[in-house]
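I open the notebook on a new entry.

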Amino acid sequence: MHDLCELLRGNPYPGRGIVVGTSATGERVACYWIMGRSINSRNRVFTLTEDGIKTEAHDPNRLEDPTLVIYHPVRTMGDSLVVTNGDQTDTIVEKGSFHAGCMARTYEPDSPNFTPRISAVLHREGSFALSILKRQAGNDVSDGASNRCLREFFAYEDADAGTGYLISTYQGDGSPLPSFAGEPIEVTLPEDPHDVWSALDADNKVSLYVNVGGHVTLFNKNLGD
C-alpha cells in the first residue's frame, strides 16, 4: 500500500484526482483536487453549492473558455455522493445511475492529451465505485480505432479504516500527458486534510475538496490557502 501524501509529493502533475475510502475513525472519505498549467485552468476556485461544490473563475475577466473548466465536481444523488472531474457529474445524477451516466460519456476532446474522465460514487452503506473513460489508441486511424473510448469500472464493497483508492487523469507530466493506467491505487489516508493540500505540487495545484463523514473542507490557492 502507498502513502497518499508521498505519492503526491513525488508527482508534480497527476492532473485532477479523486480519492475515496474510509477514514481512520470509520467515516466515508472523498477527496477531489484540480491542478493547472494554463492561465485558464489556474484561474479557478471551488465554491459550495446546495448539493456539493462547483468550480468558478477566480477572475471572470480572465476566463477564456469555460467548456472543460467550469462544472460541478461533486453532487449528491439520493443518499450517494458523486465525484467527477467534469460535467459528467450532471449526466450521472440526471440518469440516476453511475454506470449509465458513465456509459453515456467519453473522454475529453482536448487533443493531443485526450484527458480521461474520472468519476466515483460513494454509497451510504460504505460501498463505492470508480470509473475512468479514456481514449483507446489504435494503429489504424482509418478504421476509427483511435477514437474509441475505453470505459473501465472498479467496484468496492468497502475499504479498511484509514484506506482509500486513488485515480487521477494522468500518470505524471509529459507532452502529451500520459493517461492514468491500471487499477485505482490503494493508499493510506492522512488524518488531516491539510496534509493532502501540502503534498500537492505548489506550482500546479489549484483547489482541493475533502469530505470526511459529511464535513467538507475546501482549499483554494487563489484565495491564499
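**Salt bridges**

I looked up Asp51 and Arg75, and their side chains meet in a salt bridge at 3.0 Å, N to O. For a salt bridge I require a side-chain nitrogen of Lys or Arg within 4 Å of a carboxyl oxygen of Asp or Glu. Asp51 lies in the loop between strand E4 (44-49) and strand E5 (52-57) and Arg75 in strand E6 (residues 74-77), so the pair ties together parts that are 24 residues apart in sequence. Helices (H or I, at least four residues) and strands (E, at least two) are DSSP runs, numbered from the N terminus.

I note that this is a predicted model, in which local features need pLDDT of at least 70, side-chain atom pairs count only at pLDDT 80 or more, and totals for chains, interfaces and linings use all residues. Residues are numbered from 1 along each chain as its sequence is written, and side-chain values use heavy atoms, with hydrogens and water left out.

Buried means under 20% relative accessible area, exposed over 50%, and partly exposed in between (1.4 Å probe, protein chains only).

How many salt bridges does a search of the whole structure find? The search gave me nine salt bridges.

I then looked up Glu56, which forms a salt bridge with Lys54, with the closest N and O atoms 3.1 Å apart. Glu56 has a relative accessibility of 31%, so I filed Glu56 as partly exposed. Lys54 is partly exposed as well, at 27% relative accessibility.

Next I checked Asp87 and Arg117, whose side chains meet in a salt bridge of 3.5 Å, N to O. This pair links distant parts of the chain, 30 residues apart: Asp87 is in the loop between E7 and H3, and Arg117 is in strand E8 (residues 117-122). Asp87 is partly exposed, with a relative accessible area of 33%. Arg117 is buried, because its relative accessible area is 6%. I also found that salt bridges with shared partners join Asp51, Arg75 and Asp90 into one network.

**Asn85**

Where is Asn85 found? I placed Asn85 in the loop between strand E7 (80-84) and helix H3 (88-95). Its relative accessibility is 0%, so Asn85 counts as buried. The side chains of Asn85 and Gln88 are joined by a polar contact of 2.9 Å. A polar contact is a pair of N or O atoms within 3.5 Å; within protein, one must be able to donate a hydrogen and the other to accept it, and residues adjacent in sequence count only if both atoms are side-chain atoms. I also took the C-alpha to C-alpha distance from Asn85 to Arg16, which is 6.6 Å in space for 69 residues apart in sequence.

**Backbone**

I started here from a general rule: most residues other than glycine have a negative phi, and most peptide bonds are trans. I looked up the peptide bond from Ser111 to Pro112 and found it cis, with omega near 10°. Pro112 lies in the loop between helix H4 (98-103) and E8. Phe114 also has its place in the loop between H4 and E8. Phe114 is not a glycine, yet I read a positive phi of about 45° for Phe114.

The peptide bond from Ser175 to Pro176 is cis too, with omega near 0°. I found Pro176 in the loop between strand E11 (163-168) and E12. From Pro176 to Val206 I noted 30 residues in sequence and 21 Å in space, C-alpha to C-alpha. Val206 sits in strand E13 (residues 205-212). Val206 is buried, with a relative accessible area of 1%.

**Asp192**

I located Asp192 in the loop between E12 and helix H5 (193-199). At 34% relative accessibility, Asp192 counts as partly exposed. Which side chain makes a polar contact with the side chain of Asp192? I found the side chain of His194, at 2.9 Å. Asp192 and Val210 are 18 residues apart in sequence, and I noted 9.8 Å between them in space, C-alpha to C-alpha.
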